[in-house]
Amino acid sequence: LSPVCLGSLRRAARKSFADLLKFSLEDASNRTPIFFILSAGADPVATVYEIALKTGLVKENKYHRVALGQGQDVVAMRKLDEGHKDGHWVVLENIHLMPQWYVR
């Protein structure tokens with residue numbers, strides 16, 4: 001790991017989940033997405049939504065949440081494109097249902 005990654009990991013180890021999430025969101029942009037690989041039972045969506053509310057993203061319709069499966073890949077791709085172009089937040093749930101995306 002690079003010194004930057006190690007420093008981030010050390011700081012993260014001393015933080016709560018909410019602090020870690022806020023720290024991660026500060027580093028993210030429409031060009032640098034963040035991914036959370038979760039353990040069973042972990043669900044950061046409520047915390048992400050709370051931050052999106054506080055920052056005005058929900059009110060500005062710049063927060064999108066898509067649960068993948070049953071044709072939602074088309075919706076997800078549209079929201080990802082929109083998010084990339086305009087700096088929106090896109091939360092994708094159940095990405096494990098889209099194994100074909102792993103190679104893209």
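1. Let's start with a term: a salt bridge here is a side-chain nitrogen of Lys or Arg within 4 Å of a carboxyl oxygen of Asp or Glu. With that rule, a search of the whole structure turns up 4 salt bridges. Before we get to them, some ground rules: this is a predicted model, where local features need pLDDT of at least 70, side-chain atom pairs count only at pLDDT 80 or more, and totals for chains, interfaces and linings use all residues. Residues are numbered from 1 along each chain as its sequence is written, and side-chain values use heavy atoms, with hydrogens and water left out.

2. Now the overall layout. The chain has 4 helices and 2 strands; these are DSSP runs numbered from the N terminus, helices being H or I with at least four residues and strands E with at least two. Along the sequence they come in the pattern α-α-α-β-α-β. Of the contacts (heavy atoms within 4.5 Å) with a separation of 6 or more, 57% are between residues 24 or more positions apart.

3. How much of the chain is buried? Buried residues make up 25% of its 104 residues. The word means under 20% relative accessible area, while exposed is over 50% and partly exposed is in between, using a 1.4 Å probe and protein chains only. As for the surface, the accessible area of the chain is about 7600 Å², and 56% of that belongs to carbon and sulfur atoms. These areas come from the Shrake-Rupley method with a 1.4 Å probe, and for residues only the protein chains shown count as cover.

4. On to the inside. In soluble globular proteins, nonpolar side chains tend to be buried together. A nonpolar core is counted here as a set of buried Ala, Val, Leu, Ile, Met, Phe, Trp, Tyr and Cys residues joined through side-chain atoms within 4.5 Å. The largest one has 9 residues: Leu21, Leu25, Val45, Val48, Ile51, Ala52, Leu57, Tyr63 and Val91. H2 and H3 each supply at least two residues of this core, and the largest share, 4 residues, comes from H3. Apart from it lies another core of 5 residues, including Val66, Ala76, Met98 and Trp101.

5. Leaving aside residues up to four places away in sequence, Ala52 touches Leu57, Val58, Tyr63 and Trp89.

6. Which aromatic rings pair up? The whole structure holds 1 aromatic pair, where rings of Phe, Tyr and Trp (its six-membered ring) pair if their centres lie within 6.5 Å, and planes under 30 degrees apart count as stacked, over 60 as edge-to-face and the rest as tilted. The partners are Tyr49 and Tyr63, with ring centres 5.4 Å apart and planes at 70°, so the pair is edge-to-face. Tyr49 sits in helix H3 and Tyr63 in strand E1 (residues 63–67), so the pair ties together parts 14 residues apart in sequence. Tyr49 is partly exposed at 34% relative accessible area, whereas Tyr63 is buried at 11%.

7. Glu93 is buried, with a relative accessible area of 18%.

8. Lys85 and Asp81 also meet in a salt bridge, at 3.1 Å from N to O. They are 4 residues apart in helix H4 (residues 72–86), so about one helical turn separates them. Lys85 is exposed at 58%, and Asp81 is partly exposed at 39%. One of the other bridges joins Lys62 and Glu60, with the closest N and O atoms 3.7 Å apart; Lys62 is partly exposed at 27%, as is Glu60 at 48%.

9. Finally, a surface feature. Ile34, Phe36 and Leu38 form a nonpolar patch with about 230 Å² of accessible area together. Patches are made of residues with over 30% relative accessible area and no salt bridge, like charges being joined within 9 Å and nonpolar side chains (Val, Leu, Ile, Met, Phe, Trp, Tyr) within 5 Å. Phe36 lies in the loop between helix H2 (17–27) and helix H3 (45–54) and is partly exposed at 34%. Ser24, in helix H2, is buried at 14% and touches Ile34 and Phe36, not counting residues up to four places away in sequence.
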